[in-house]
Structure formats: structure tokens, C-alpha cells
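Please read them with the coordinates open.

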Amino acid sequence: MSSQQNKNTASPAARTHALEESLRAKGLLPEGAIESVLEQVAHWRPQNGAHVVAKAWTDPAYRKRLFEDATAACAELGYEGPQGEYMVALENTPELHNVVVCTQCSCTAWPVLGLPPDWYKSPEYRARVAREPRPVLKEMGLELPTQVKIRVWDTTAETRYFVLPMRPAHTEGWSELQLREVVTREAMIGVAVL
Amino acid sequence: MDGIHDLGGMAGFGKIEREQEEPVFHQAWQGRAFAINVLSIAVFEHYNTDAYRHAIERMNPRHYLQACYYERVLTGVATLLVEKGIVARQELQEGAGGEFPLASSAVANDEMPAPEPSAPFFQTGDTVFVKNVSVPGHTRVPRYCRGKTGTVLHVAPAFTFPDHNAHGRSYRKEPTYHVEFEAGNLWPEAGSRGESVVVDLWQSYLEPRK
């Protein structure tokens, strides 16, 4: 079978190298082009989302702007770009918990969450979380009270979601910089609380 | 297409494995394959994002499930560059020193009508029905919500209609909607246990319901 892997299949590393060399030989891959993309990737980090969350926790006017237009509110802090053309922040409350998935591929708000981790892209997470969110979250370490409603957001079009977690009670009086340190990517995807 | 990529609600998958302190790329080739795809879409415009998603969907399901995410990216990029005549499969296989699996050919959605004019037809709070359509090419309607009734939570901006864009047929935009479905309406075992799924759907996928 030629369309799947067998013992004659080249490794992904060898295939990538061959594709790169083939494009370069045709003059279709300028020197430094790949490196420039990788430099850009390094700027897409969950710390960006943590900045947005911490600011929303400490600045009521910013929080209001975040729910009116998350794309603009993230851009205020310098977080914008591909896979962030239209972002929406989802507010967790004591009654409602939000969790984000992309069941058909692995769409993610790159500017605020970074490129997604392997578990988010796994067939296991993509297949299961929409149908059995409570068992999946429990398995991942988050057991929600049964009275908390769960909304699973499937990223099937071009909106890119991220969760605004509830601020932990023990952080009263903390500065925005201190708060950034407690915000995790898992909480902004909705598979953890803080 | 009713492909392996449309995983939502599929049974039998096991535990979700999480790695602590996970790097963005585990191996250098993964970053390079990702970068070649970004450049092919955004800089060289060899193809668009919808065509790219569809190329991955066209992978042999056995290969799709075995491949890591970046091997799927690599296979999608290479498939499109070969299909467009930019590189030849033969030269890729010679360069790689072995077989270079690609995805199967695309079949366009000929029966899908052109999108309606882009003014939003639905409003927040409207009840909508998802057309129960199965197309041979690219679409972004998950199987699990076809033929189901939901409620519009939010009217999102207009975006290029993927069912056409993936096949190079039309770049027209139309509104998208965040549509909420109660879990009991999607999954027979769910009952009314306080869960819902919100799916982001293009206007052409929807019909009004009173």
C-alpha cells in the first residue's frame, strides 16, 4: 500500500529534508525563510494569554473590553496575528465551565495560547471531550461539581477561543505580574482550574 | 467528506496522555515542516488554509491515526505541492531514500450551492437546523451535529466559505454562528446532565426553524 506507512517508508525527518531540498533546488525556499517562521513561533506563547488573563482580573475596564472585542483587547497588549484574526474570550463562573477543542483538526488561538500541546491534538482528546466532558476533565485532574454546567466549544470555523479562568481566592492583593505566574495554558483551554 | 479527521464523539479512544514541560517541537523536522506549510500558505500562496486542512483529511485513515500532528502537516504540504506540480513525488522519494506517503485525490463539492449574500440571516437566540448533508469534499460541519437543532449564541464575522475555498471554486465570505446544542440532543446517553456543545457554523450549513 503506497498511501500508508510500511517498512520502505522514509522517516518523517528524511521526508521533510527531501521536501526542503527539493524546494530549495528550484529557488522556492529563500535562505532564512524557515528560520524566520520559527522566530515568529517563539513569540506565540501561553505567557501572552496569561498576561491577558491577569490584566482582565485586575483592570475592570480591560475586562469589559476583552468581552466586547477580545481580538482588539489582545492586540492592545501586542498579541495578534495568524490564527488570532477573530478571538473570543469565554468567561468561567461558579455556574459555568468552558472547555475548548477542535474536533476536526487542531485549531488554536496561536497568539495567546501558542502552538497547541500534543494532548490537545491527540485523537483521544478530539474524539472524547465533546461527548464525555466530565469524565475527560476528571481524568485530567479536574472534577467539577455536578451542578456546574459545562460548555464545550468546538473550533470548527474561524473564531479562536480561550477561557478566562476564575481568579483563585488566595491571590487577593496580588499584582498583575504575580498573577500572570499562576495562569496556565491548561486553564485557558479549560481542562484545569486555578 | 466523512473522513477520519471528523473525530468528535467517536467511541473507543483511550486515556489522554499529557507530557509535563512539553517542548513546542519534539524534533527539529517538525518545526521545519510546520514552517514550510506556513510559507506555502502565507508567503508563496501555493494553496490556502482550507485546501491544506482538506489535504490532511484525505490521508489514508490508517496513516492519519498513526502519524503525529506534524507528520500530518508534512503529508498535507507535500500532497498539495505535488498536486500543483511544484515538486514531483519521484524526486521527493529519491531525496528521502524511501516511500513518501501522500493523501488521496480530492473530489470537489459540486452539489454544494454557492453561498448566499453575506448579510447575516440569523440573530442571537434564533433556533437553527443543521442541514443533514454529506459532501464528497471539504466541509466543516461535524457529523455529530448534522440534522440537529440548536440555538444561535453569537453572530461571528463573515469568513471564506471553506467547502468552496478548499477546492479553489469561490472565495466568497459568509457569516458564521456559534450554535449551541444541548448534549442530550447530540448523544443518546447524555440525557439532561447540564452539558452543551457549541459549534461554529457557516450560514450555508443552516436552515431556520421556528
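1. A definition comes first: helices are DSSP runs of H or I with at least four residues, numbered from the N terminus. On that basis, helix α1 of chain A covers residues 12-25. Because Glu20(A) and Arg24(A) are 4 residues apart in this helix, about one helical turn separates them. The model is predicted, and every value below is computed from it.

2. Secondary structure. Chain A has 11 helices and 4 strands, while chain B has 7 helices and 5 strands. The order of elements along the sequence of chain B is α-α-α-α-α-β-β-α-β-α-β-β.

3. Extent and burial. Along the principal axes, the C-alpha atoms of chain A fill a box of roughly 60 × 35 × 25 Å; for chain B the box is roughly 60 × 40 × 30 Å. Of the 194 residues in chain A, 58% are buried. In chain B, buried residues are 53% of 210.

4. Contacts by sequence separation. Taking contacts in chain A with a separation of 6 or more, 68% are between residues 24 or more positions apart. For chain B, 66% of the contacts between residues at least 6 apart join residues at least 24 apart.

5. Surface and charge. Chain A has an accessible surface of about 7,900 Å², with 53% of it on carbon and sulfur atoms. Chain B exposes about 9,000 Å², and carbon and sulfur atoms supply 50% of that. The 21 positive and 24 negative side chains of chain A have centres 5 Å apart. In chain B, the mean positions of the 20 positive and 26 negative charges lie 2 Å apart.

6. The network around Glu20(A). Salt bridges link Glu20(A), Glu21(A), Arg24(A), Glu35(A) and Arg32(B) in a network. Within chain A, Glu20(A) meets Arg24(A) at 3.2 Å, N to O. Glu20(A) counts as buried because its relative accessibility is 5%, under the 20% cut-off. Arg24(A), with a relative accessible area of 31%, is partly exposed.

7. Arg32(B) forms a salt bridge with Glu20(A), with the closest N and O atoms 2.8 Å apart. This pair runs between chains, from helix α1 (residues 28-43) of chain B to helix α1 of chain A. Arg32(B) is partly exposed, at 23% relative accessibility.

8. Other bridges between the chains. Glu195(B) and Arg134(A) form a salt bridge at 3.0 Å, N to O. Here strand β4 (residues 195-202) of chain B supplies Glu195(B), and helix α9 (residues 133-139) of chain A supplies Arg134(A). Are these two residues buried or exposed? Both Glu195(B) and Arg134(A) are buried. Arg53(B) also forms a salt bridge with Glu158(A), the closest N and O atoms being 3.5 Å apart.

9. Asn48(A). This residue sits in helix α3 (residues 46-58) of chain A and is buried, at 6% relative accessibility. Leaving aside neighbours within four places in sequence, Asn48(A) contacts His43(A), Tyr79(A), Pro111(A) and Val112(A). Asn48(A) and Tyr79(A) are 31 residues apart along the chain, with 6.9 Å between their C-alpha atoms.

Technical notes
Residues numbered from 1 in each chain as written. Chains lettered and ligands numbered in written order. Predicted model: local features only at pLDDT ≥ 70, side-chain atom pairs only at ≥ 80, totals over all residues. Heavy atoms only, no water. Helix = DSSP H or I, 4+ residues; strand = E, 2+ residues; numbered from the N terminus. Buried < 20%, exposed > 50% of the residue type's maximum accessible area, 1.4 Å probe, protein only. Contact = heavy atoms within 4.5 Å. Areas by Shrake-Rupley, 256 points an atom, 1.4 Å probe, with all protein chains shown as cover. Lys, Arg positive; Asp, Glu negative; His and termini not counted. Charge placed at Lys NZ, Arg CZ, Asp CG, Glu CD. Salt bridge = Lys/Arg side-chain N within 4 Å of Asp/Glu carboxyl O.
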